[in-house]
Amino acid sequence: MKYAYLRTNGQWISQFVNPMTGKRIRKSLGDDIHEAQRNLTKLMLEYGLSPNPDGKTYNVLMGNGIHTVDWHVAYKEYYDTHISNFTSKHKAYLESVLKKLNSFCNIPKVGHYKYKHIKTFLNYNKGSVSASSINKYIVTLRKFFNFCKMMGWIEKNPVDKIERLEEIVKTPYVFDEDELHAIFSDPCVYTKWWEFLLETGIRACDAIAFTKSQNFIEQDRLYCT
């Protein structure tokens, strides 16, 4: 990351990485956008960094008007500021969600995204992913558009009014007293979970889905999962 701007409580904040130490630098630049530009230039020169002399980069990053910032610019700044901080696995996940949205909607300007675009994208994916995955999509997209709003690229976050889906949690089966008595009265009849997996070769992710009606006899022994 070279540098990025964040607007917090009316204050312009600069974030960039010290090229000598690799540590993140976070400094206040002031309330006024022009003052922030001057302070940023001075600050970057102190660390041996070269700001864009024509000021075009400032205008793009600081939001020179709603609906003017390209998607790839917003994505790049968000990547440098936030996504790049995560592990490679989580980084790849965040990238994939944002790229899926961009590929599905194909909207060139980040400020043109509306509630209907996000909702249509999520509805399209409901059939192929779980409710928990959809909720993770919502969290990821909300954080991205919050960043865009904070940078002054959009007026409202299009994900704010989208509610999370209800996640269905399966209740594990509980043996009643008669079943427990039958299990413990004759230890040779029933097999422990780990022994069941070792002796049958069935994967744990498959065996966990067995129900009481799916118990079966193997080598004259009843396996109860």
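Colleague: Leaving aside its neighbours within four places in sequence, which residues is F145 in contact with?

Modeller: This is a predicted model: local features need pLDDT of at least 70, side-chain atom pairs count only at pLDDT 80 or more, and totals for chains, interfaces and linings use all residues. Residues are numbered from 1 along each chain as its sequence is written, and side-chain values use heavy atoms, without hydrogens and water. Contact means heavy atoms within 4.5 Å. With neighbours within four places set aside, the partners of F145 are W71, L101, V110, Y113, I118, I154, N157, P158 and V159.

Colleague: How many residues does the largest nonpolar core have?

Modeller: A nonpolar core is a set of buried Ala, Val, Leu, Ile, Met, Phe, Trp, Tyr and Cys residues joined through side-chain atoms within 4.5 Å. Buried means under 20% relative accessible area, exposed over 50% and partly exposed in between, with a 1.4 Å probe and protein chains only. W71, L101, V110, I118, F144 and F145 have the most contacts inside the largest core. Its count is 31 residues.

Colleague: Which helix gives the most to this core?

Modeller: Helices (H or I, at least four residues) and strands (E, at least two) are DSSP runs, numbered from the N terminus. The largest core, with 31 residues, draws at least two residues from each of α3, α4 (88–105), α5 and α6. Eight residues come from the top contributor, α6.

Colleague: How do the axes of α3 and α6 lie to each other?

Modeller: Axes are lines fitted to C-alpha atoms, for helices over the stretch in contact, and angles run from 0 to 180 degrees between N-to-C directions. Under 35 degrees counts as roughly parallel, over 145 as roughly antiparallel, 65 to 115 as roughly perpendicular and the rest as oblique. The axes of α3 (residues 71–81) and α6 (residues 131–150) come within 10 Å and cross at roughly 105 degrees. The two helices are therefore roughly perpendicular.

Colleague: How many nonpolar, polar and charged residues are in that contact?

Modeller: On the α3 side are W71, A74, Y75, E77, Y78 and T81; they meet K143, F144, F145, F147 and C148 in α6. Ala, Val, Leu, Ile, Met, Phe, Trp, Tyr, Cys and Pro count as nonpolar, Asp, Glu, Lys and Arg as charged, and the others, Gly among them, as polar. By class, the contact of α3 with α6 has eight nonpolar, one polar and two charged residues.

Colleague: How many residues of α3 are buried?

Modeller: W71, V73, A74, Y75, E77, Y78, D80 and T81 are buried in α3. The helix is mostly covered, with the buried count at eight of its 11 residues.

Colleague: Is T140 buried or exposed, and which residues does T140 touch?

Modeller: T140 sits in helix α6. Its relative accessible area is 8%, so T140 is buried. Not counting residues up to four places away in sequence, T140 touches Y93, L94 and V97.

Colleague: Which residues does P108 touch, beyond those up to four places away in sequence?

Modeller: P108 is in the loop between α4 and α5 and counts as exposed at 54% relative accessibility. P108 and V69 are 39 residues apart in sequence but 8.6 Å apart in space, C-alpha to C-alpha. The residues touched are V69, D70 and W71.

Colleague: What is the phi of N106?

Modeller: N106 is also in the loop between α4 and α5. It is exposed, with a relative accessible area of 63%. N106 is not a glycine, yet its phi is positive, at about 50 degrees.
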